[in-house]
Amino acid sequence: MKSARASIRTESSRLGLCESLKHTSCGPIHRLPTQCSLIPNYSLCPNTLFKTPLYEFHRAQGGKMVEFAGWSMPVQYKDSHINSHMHTRQHCSIFDVSHMLQTKVYGRDRVKFIESLIVGDIAELKDNQGTLSLFTNTKGGIMDDLIVTKTDQGYLYVVSNAGCADKDSAHMQARLQEFKAAGHDVDLEFMEESLIALQGPSMAQVLQKGVGDDLRKLTFMTSVLTPVFGIQGCRVTRCGYTGEDGVEISVPSGDVVSLTEKLLADSEVKLAGLGARDSLRLEAGLCLYGNDIDETTTPVEASLVWTIGKRRRQAQDFLGADIIVPQIKAKTQRKRVGLISTGPPVRQHTPILSSDGRVIGEVTSGCPSPCLKQNVAMGYVEAGFSKVGTSIQVEVRKKAVPAVVSKMPFVPTKYYMGQ
């Protein structure tokens, strides 16, 4: 395990990070930075927020920096949020996602280890194939969502959320000690690499110029180790958080600025920030941890049953299985749904009402859709109101506004499944 993680934790404690982050120029802190204190190879901003290796580059490019999960991150650049959103849908954009936690799981028992923590069937994956999965707790709640890739290099590659970094790493470390005490062969490495996402329909056109591998063979949720524009030690995974064709590139932190500059040399590519990332993921119907899913939400309530492997359901050998598996066959009291409305924007915590004005749920994410020119949202409603096409209402500024339950994604996804 990288010793840098321990040194960051020590420095964070010495500076009284939890208290100092309550009052910063970036606004109120909703997630205290103990979530980030284990991240390696990153430094503290002058106002004690963490910064990625691209921090100075963001500022030089006109990035407007805001607090996000204890990090100073760009919310947008010189282009407007809407222009940045549409550029990603029509061309491609670079997103800095280096704040996310990247982990390698080694050892003969690595698959058994990770499956003891998540709901996915990792054993069935082919080499260099990945899947979205969920950390769950004993009550069936979702501790975090993550992507696990079964590499052909003798390890599992795991990417999980920055806002849950301390929780996730502690969870994995506790289970690691249990596994080692039982004589299993497994170990963890919390990675120091940076992570950037190149997302949009022209991604392959741009990236193919810089890699030797034929990107037509790299399909959605597969991964490859390859030099990128001459930079060694990169892992390219075809995935993303926008609904577009895209990749995430894990790159040595000392080379991330150079790689970003090489990609931006193509006129198809622009930088994009958290604002566009949020509206893009919402149009794609993708959950944001802490908003749309959390430890009080089960995979069934969240409409994420597809993440639970068939073998895992039958074996019921994951945390919370005694609660989650029966819910698959029985009806839950509430369900995550998509909503479309017109008029004023629908935001998080907006009450969802039945046609007669009774509160039947709450919005967890919402924004005006740049592509659809209407409001899109997701939230939880009583199960009886979850059918697509059901007319409901949302309470905006103390007024009931008509809305309808909609299929997600709101905008069709364009993941590359091969030719």
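Contact here means heavy atoms within 4.5 Å. The model is predicted, so local features need pLDDT of at least 70 and side-chain atom pairs count only at pLDDT 80 or more, while totals for chains, interfaces and linings use all residues. Residues are numbered from 1 along each chain as its sequence is written, and side-chain values use heavy atoms, with hydrogens and water left out.

Start with Glu248, which an unreviewed UniProt entry lists under "binding site"; such annotations may be inferred rather than shown by experiment, and their positions follow the numbering used here, with feature names shortened. Glu248 sits in strand β14 (residues 246-251); strands (E, at least two residues) and helices (H or I, at least four) are DSSP runs, numbered from the N terminus. Glu248 counts as buried because its relative accessibility is 10% (buried is under 20% relative accessible area, exposed over 50%, partly exposed in between; 1.4 Å probe, protein chains only). Leaving aside neighbours within four places in sequence, Glu248 touches Leu195, Ile196, Ala197, Arg235, Val236, Thr237, Cys239 and Gly240.

Then there is helix α4 (residues 81-90), whose buried residues are Ser84, His85, His87, Thr88 and Arg89. These pack against β5 (92-96), β11 (194-199), β15 (269-271) and α9 (274-283).

As for the sheet, five strands line up in the order β7-β8-β9-β6-β10, open and antiparallel (two strands pair if DSSP finds at least two bridges between them). Its edges are β7 (129-136) and β10 (187-190), each pairing on one side only. Between antiparallel β8 (residues 142-150) and β9 (residues 155-160) there are five bridges, and Ile147 has Val159 in β9 as its bridge partner.
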